[in-house]
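Open the structure in your viewer and keep the selection tool ready. This tour goes stop by stop, saying what to select and what is there.

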Amino acid sequence: MSQRLTALSEEAALEQLHEAGCTDGLPVVIPTPARVERMVLASGLDGDVSLGQLGPNLGEATVEKAAVAAVMAGCLPDHFPVVAAAVRAVCDPRMDMTEVQATTHNLGPMLVVNGPAVDACGIASGFGALGPGHRANASIGRAVRLAMINIGGGRPGTSDMALLGHPGKFTFCLGEDEEASPFPPLHTSLGYGIDQSTVTVACTEGPHSVLCFPDDDPEVYADHLLNALAASLSGLGANNTHFARGTQVLVLNPDHAIALADVGHDRATIAEALHHRAKRSWSELSTVRARGSGIDRHQRSQGDDPELAVHALSSPEALLVMVAGGTGLYSTVMPSWGAGPHGNGHITAEIDLDQACEVPLAQASQ
């Protein structure tokens, strides 16, 4: 069970939570027993059901504790199945959340929602989907972060050691725009059916904008776009370029996605092309690597050719390709860390919308 606190008023309770380091620095909804019980009820699960352990404290992420985070974040009960699935994903040992929370790198879990849950929960996938103004996106992503703080124990400067962080560490959630996409939904390429709902979690840096202007020649346009994306995925200062590990995320705006589809590309061939193009030569990397470092020694063990290619993507599967955002000139890449025992990959969890219970009207008004 969660620890129960008492306060004379909601205002006093808010200050108590701030002082205890239980918030993300912003005001929260006070998680009263009635509000938490309502959230748990909406999940259709018992409050003591465990969703996993969350590092670095290895706290037990029960449904009740996840519900507390969802209440504090401002979620509606309808949002909670997505929160519960996302918490299951970040608790998966393959996410290495102890290392993710403790690293000095600036990364946080990005949530990509697919399937009927996008519409059922009102998750934005178009213009400004990662920006302000979208309650479901903001509150669902924020709930996961509050769980990472209060269950996992990730607090800046003591256990969350990111040197600077980024705004996505407050909230980092969007839906794929399946209607605007010329490709089948992302989750179908990950082994799920089109009628299933999923949340895919990848721990990444914040969005990096990629500019590409249209061209009258469709082949030239697609080639320029792939080159621009590859250059952004393999920046000289990017961890992935140096470690050649970790999942990166590519969010194509609908115009760019259609431009690639028009010349015959699908999600798989885009990933293959970018795996091939997103690379740097050893001579380029040597200008920013310390001689004698572990990375330097590993690379030199592969050969002394200064033009030896170092790929920023370990394989095409190390790139998640999705479609979202408004139409226009800009797509977005999210580089990652590339470290941790499991290599900073991605995890997909199914969202169970059918498990939820209807909240009684008398309880819904509390």
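**Stop 1**

Select Asp96: it is buried, with a relative accessible area of 6%. Bear in mind that this is a predicted model. Asp96 sits in the loop between helix H4 (80-91) and helix H5 (97-102). Check its backbone: phi is positive, about 55°, although Asp96 is not a glycine.

Now go to Asn344. Phi is positive here too, about 60°, and Asn344 is not a glycine. Look for Asn344 in the loop between strand E11 (330-334) and strand E12 (346-351). Is Asn344 buried or exposed? Asn344 counts as buried, at 5% relative accessibility.

**Stop 2: a cis peptide bond**

Select Gly55 and Pro56. The peptide bond joining them is cis, with omega about 10°. Pro56 belongs to the loop between strand E1 (50-54) and strand E2 (59-62).

**Stop 3**

Select residues 108-114, which make up strand E3. Seven of the seven residues are buried, so E3 is largely enclosed by the rest of the structure. Buried here means under 20% relative accessible area.

E3 and E5 pair in the antiparallel sense, over seven bridges. Which residue of E5 stands opposite Asn114? Thr198 does.

E3 and E4 run parallel, joined by three bridges.

**Stop 4**

Select Ala180, in the loop between E4 and E5. Ala180 counts as partly exposed, at 26% relative accessibility.

**Stop 5**

Show the surface. Select Leu211, Phe213 and Tyr330, which make a nonpolar patch of about 340 Å². Leu211 is in strand E6 and counts as partly exposed, at 40% relative accessibility.

Then select Asp215, Asp216, Asp217 and Glu219. These residues form a negative surface patch. Asp217 lies in the loop between strand E6 (208-211) and helix H8 (218-233). Its relative accessible area is 35%, so Asp217 is partly exposed.

**Stop 6: salt bridges**

How many salt bridges does the structure hold? The structure holds seven. Side chains of opposite charge can pair when their charged atoms come close. Three of these pairs follow.

- Select Glu10 and Arg35. Their closest N and O atoms are 3.0 Å apart. This pair links distant parts of the chain: Glu10 is in helix H1 (residues 10-19) and Arg35 in helix H2 (residues 33-43), 25 residues apart. Glu10 is partly exposed at 39%, and Arg35 is partly exposed at 25%.
- Select Asp223 and Arg277. Here the closest N and O atoms are 2.8 Å apart. Again the pair links distant parts of the chain, with Asp223 in helix H8 and Arg277 in helix H11 (residues 267-277), 54 residues apart. Asp223 is partly exposed at 32%, and Arg277 is partly exposed at 28%.
- Select Glu284 and Arg280. Their closest N and O atoms are 3.2 Å apart. Glu284 counts as partly exposed, at 32% relative accessibility.

Methods: Residues numbered from 1 in each chain as written. Predicted model: local features only at pLDDT ≥ 70, side-chain atom pairs only at ≥ 80, totals over all residues. Heavy atoms only, no water. Patch = residues over 30% accessible without salt bridge, like charges linked within 9 Å, V, L, I, M, F, W, Y side chains within 5 Å. Areas by Shrake-Rupley, 256 points an atom, 1.4 Å probe, with all protein chains shown as cover. Salt bridge = Lys/Arg side-chain N within 4 Å of Asp/Glu carboxyl O. Lys, Arg positive; Asp, Glu negative; His and termini not counted. Charge placed at Lys NZ, Arg CZ, Asp CG, Glu CD. Helix = DSSP H or I, 4+ residues; strand = E, 2+ residues; numbered from the N terminus. Buried < 20%, exposed > 50% of the residue type's maximum accessible area, 1.4 Å probe, protein only. Pairing = 2+ DSSP bridges.
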